[in-house]
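Please read it alongside the sequence and the structure shown here.

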Amino acid sequence: MENLAGNSSPPRPRWRKVAYGGMQPGYDDNHTDESFLEGMVMNASVVKRDMLKVMLDSVSISEYLCIVALVVLVWTYTLGSTLDENSLLFIDASLLFSGFLVLLFTQEMLSLGLFLHYLLNICFFITSLYVLAPIYQTLTRSISSDSIWSVTASLLVLHLFLHDYSESTVKAPGVLKNPALTSCISVNASVVASVFIASRLPSRLHVFAIMLFSLQVFLFAPLVTYCIKKYSFRLHLCFSISLMAMTLSFVYTLHRLLFVLLLSLLVFVNIVCPYWLIKIQEYKFEINGPWDEAKLCFDITD
């Protein structure tokens with residue numbers, strides 16, 4: 001009996017779930033027991049999306065697609081001498097006045113100082129454009145028109161692909177959050193495309209008018225539409241639907257095939273893509289557990 005008691009091995013210590021404890025005696029390095037999967041959760045962060053809500057959210061994308069389509073229409077009519085410089089200047093003044101009205105009625109914190117700040121910036125912006133118009137006019141004189149058209153089309157596609165459809169790239173004074181890098185690249189692509197188009201116009205006033213129009217749309221139209229959406233989502237829907245109808249009617253007068261392509265694109269964005277997103281959620285399989293990395297529950301910038 002004494003020999004049996006002497007030969008018996010000491011009891012094996014209980015396995016503990018530790019991250020940086022090294023190998024535990026009596027257990028392999030990759031050992032797990034039945035308690036390892038107790039904290040496993042499947043599809044904890046998967047969002048159940050509603051079809052109607054996704055379709056309403058996609059209206060912002062269709063709205064901006066129509067805005068860019070209208071810009072291309074104005075470019076086309078200007079290059080074809082259908083729109084002269086006086087008509088473009090009238091459109092510029094109308095857009096500027098309309099944008100100020102929207103900001104005036106939708107911004108709750110719009111004070112006199114902020115209004116003067118906007119006004120001074122726009123005056124400086126317009127003056128700089130007018131001074132630089134002769135440079136824009138001769139900037140790409142040595143480049144063929146075919147190269148200009150292809151590069152402009154590529155820049156517009158890049159602009160649409162990288163554009164931030166959730167909010168405005170241009171921020172109001174005092175906003176701490178800076179725009180993302182992709183948004184800045186998107187804005188720069190639209191500005192370069194505008195310069196390429198302006199360099200094919202015959203006069204300095206033409207160049208100034210088309211550059212002012214393009215930059216008003218690409219820089220300030222997202223801010224205006226974002227303010228409308230933030231002020232009233234119903235007003236945002238009415239504005240977006242009216243804009244889509246107006247754009248489709250203008251494109252139909254220009255070319256039937258372009259009308260079909262734009263209508264197909266809007267249907268794809270507003271109906272097909274939301275349905276596609278809802279369907280692929282059924283195949284999402286996500287596993288979470290105590291082995292996941294810790295996530296901060298506060299902003300480190302605070």
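Axes are lines fitted to C-alpha atoms, for helices over the stretch in contact, and angles run from 0 to 180 degrees between N-to-C directions. The model is predicted, with local features needing pLDDT of at least 70 and side-chain atom pairs counting only at pLDDT 80 or more, while totals for chains, interfaces and linings use all residues. Residues are numbered from 1 along each chain as its sequence is written, and side-chain values use heavy atoms, with hydrogens and water left out.

**Packing of H9 and H10**

- H9 and H10 pack with their axes 6 Å apart, at an angle of about 150°, which makes H9 roughly antiparallel to H10 (the term applies to angles over 145 degrees).
- Met244, Thr247, Leu248, Val251, Tyr252 and Leu254 of H9 make the contact (heavy atoms within 4.5 Å) with a set of H10 residues that includes Arg256, Phe259 and Asn270.
- The residues of this contact of H9 with H10 divide into ten nonpolar, two polar and one charged, where Ala, Val, Leu, Ile, Met, Phe, Trp, Tyr, Cys and Pro count as nonpolar, Asp, Glu, Lys and Arg as charged, and the others, Gly among them, as polar.

**Overall fold**

- The protein has ten helices and two strands, taken as DSSP runs (H or I of at least four residues for helices, E of at least two for strands) and numbered from the N terminus.
- Buried residues (under 20% relative accessible area, with a 1.4 Å probe and protein chains only) make up 33% of the 302 residues.

- Leaving aside residues up to four places away in sequence, Leu129 touches Tyr136, Phe208, Met211, Leu212 and Leu215.

**Individual residues**

- Ser81, in the loop between H3 and helix H4 (85-106), has a positive phi of about 65° although it is not a glycine.
- Ser81 is exposed, with a relative accessible area of 65%, exposed meaning over 50%.
- Tyr226 is placed in helix H8 and counts as partly exposed at 30% relative accessibility, a class lying between the buried and exposed limits.
- The C-alpha atoms of Tyr226 and Tyr165 are separated by 9.2 Å, with the two residues 61 residues apart along the chain.

Note on methods. Parallel < 35°, antiparallel > 145°, perpendicular 65-115°, else oblique.
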